[in-house]
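Here are my notes on the model you asked me to look over.

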Amino acid sequence: MQRFTQVLAFVAALGMAGSALASQSTGFYRSGGLVNGVQIPDTGEHHYILYPERCYLEGALRHNYTDPNKRYNTWAHKSTVDVILDVAKAVRTKHPDSPLIPVGELSSKFGGKISQHNSHQNGLDVDLWYIQNPWLAGDRFPECSRGIRYESKDPNTGQWFLRGEFPLNWNWTLMAELAKRPEVKVIFVGGLIRDGLLQYARETGVDSREYKRTERKLHAVKCKIPARYHKGYSTDSYKNNYCPHDEHLHVRFHCPEGSPSCREKL
Ligand SMILES: [Zn+2]
């Protein structure tokens, strides 16, 4: 019996040795962890990190931000990082005129709760900023900016509309490339942005399979009355309504293979 137990322990050790460096996502998006996560590079050929939180949340963070060990919330499961980098490359290959893809927060090094997010806990949630028009933003939107709020309210009519500066072509390709990846479960975007992107795709006659696949994964996040948490914001769109995904999108990945304790829940 003892020998049998020893053999079992040996087999288990072998298995662990084989997967010692493999990323694992554990638990839920809103209550989970990350083992052997990898860090997305600060800059690359096709992306950069736009992380305004670190400009005002914790002063010390800003000063340490060139130290790779101090870069918070740039960690994720390896396949999450691989897909994001791959998608950024695909968008810029299709649109050589597109600026770099701005990447926001992922997870912290070992997962768990991070400031200002409920999810992002197990290396499977990524915030991207919409691709910004270079004539507004330059190739890189200023690091400490919060990006452009693309859903606005007409003060005369009270009607909400999608601002004309929103670059539909690049951002449609971004959504379509994300939706194409089986690893991507859902993409949360502003409601008017979803409508605008789908209308653009219909008008430009994109392939019907691409359209349906992208439509299915795009999930509209509607404006709502601001919660107390958001009172610090001073722009009109926050004063009257809080439109959570009108300046950035949130990509959520399926539980990857090799993460047996990962659980999917929206
Ligand atoms: Zn997010």
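Leaving aside its neighbours within four places in sequence, which residues is Ala179 in contact with? Before the reply, a word on the model. It is a predicted one, in which local features need pLDDT of at least 70 and side-chain atom pairs count only at pLDDT 80 or more, while totals for chains, interfaces and linings use all residues. Residues are numbered from 1 along each chain as its sequence is written, and side-chain values use heavy atoms, with hydrogens and water left out.

1. **Ala179.** Apart from neighbours within four places in sequence, Ala179 is in contact with Ile187, Arg213, Thr214 and Lys217; contact means heavy atoms within 4.5 Å. Ala179 and Thr214 are 35 residues apart in sequence, yet 5.2 Å separates them in space, C-alpha to C-alpha. Ala179 belongs to helix H6 (residues 168–180); helices (H or I, at least four residues) and strands (E, at least two) are DSSP runs, numbered from the N terminus. Its relative accessible area is 1%, so Ala179 is buried. Buried here means under 20% relative accessible area, exposed over 50%, and partly exposed in between (1.4 Å probe, protein chains only).

2. **The overall picture.** The protein has 9 helices and 12 strands. Of its 266 residues, 48% are buried. Among contacts between residues at least 6 apart in sequence, 72% join residues at least 24 apart.

3. **The largest nonpolar core.** This core has 42 residues, and Leu128, Leu174, Leu178, Ile187 and Leu249 touch the most other members. A nonpolar core is a set of buried Ala, Val, Leu, Ile, Met, Phe, Trp, Tyr and Cys residues joined through side-chain atoms within 4.5 Å. Among the elements that give it two or more residues are H4, strand S7 (125–129), strand S10 (184–190) and strand S12 (248–253). H6 provides the largest share, 7 residues. Ile187, not counting residues up to four places away in sequence, touches Met175, Leu178, Ala179, Lys217, Leu218, His219, Leu249 and His250.

4. **H6 against H7.** These two helices pack at an angle of about 95°, their axes 10 Å apart. Axes are lines fitted to C-alpha atoms, for helices over the stretch in contact, and angles run from 0 to 180 degrees between N-to-C directions. H6 and H7 are therefore roughly perpendicular to each other, a label for angles of 65 to 115 degrees (under 35 is roughly parallel, over 145 roughly antiparallel, the rest oblique). Leu168, Asn169, Asn171, Trp172 and Met175 of H6 make the contact with Gly196, Leu197, Leu198, Tyr200 and Ala201 of H7.

5. **The zinc ion.** Which residues coordinate the zinc ion? They are His120 (NE2), Asp127 (OD) and His250 (ND1), at 2.0 to 2.2 Å. Donors are N, O and S atoms within 2.8 Å of the metal (3.2 Å for Na, K and Ca), and water is not among the atoms, so sites may look incomplete. Along the chain the donors follow the spacing H-x6-D-x122-H. His120 and Asp127 are both buried.

6. **Thr80.** This residue lies in helix H4 (residues 78–94). Thr80 counts as buried because its relative accessibility is 0%. Not counting residues up to four places away in sequence, Thr80 touches Gly123, Leu124, Val126 and Phe253.

7. **The disulfide.** The whole structure holds 1 disulfide, that is, a pair of cysteine sulfur atoms within 2.5 Å. Cys255 and Cys262 form it, with their sulfur atoms 2.0 Å apart. The link is left-handed, with -80° about the S-S bond.
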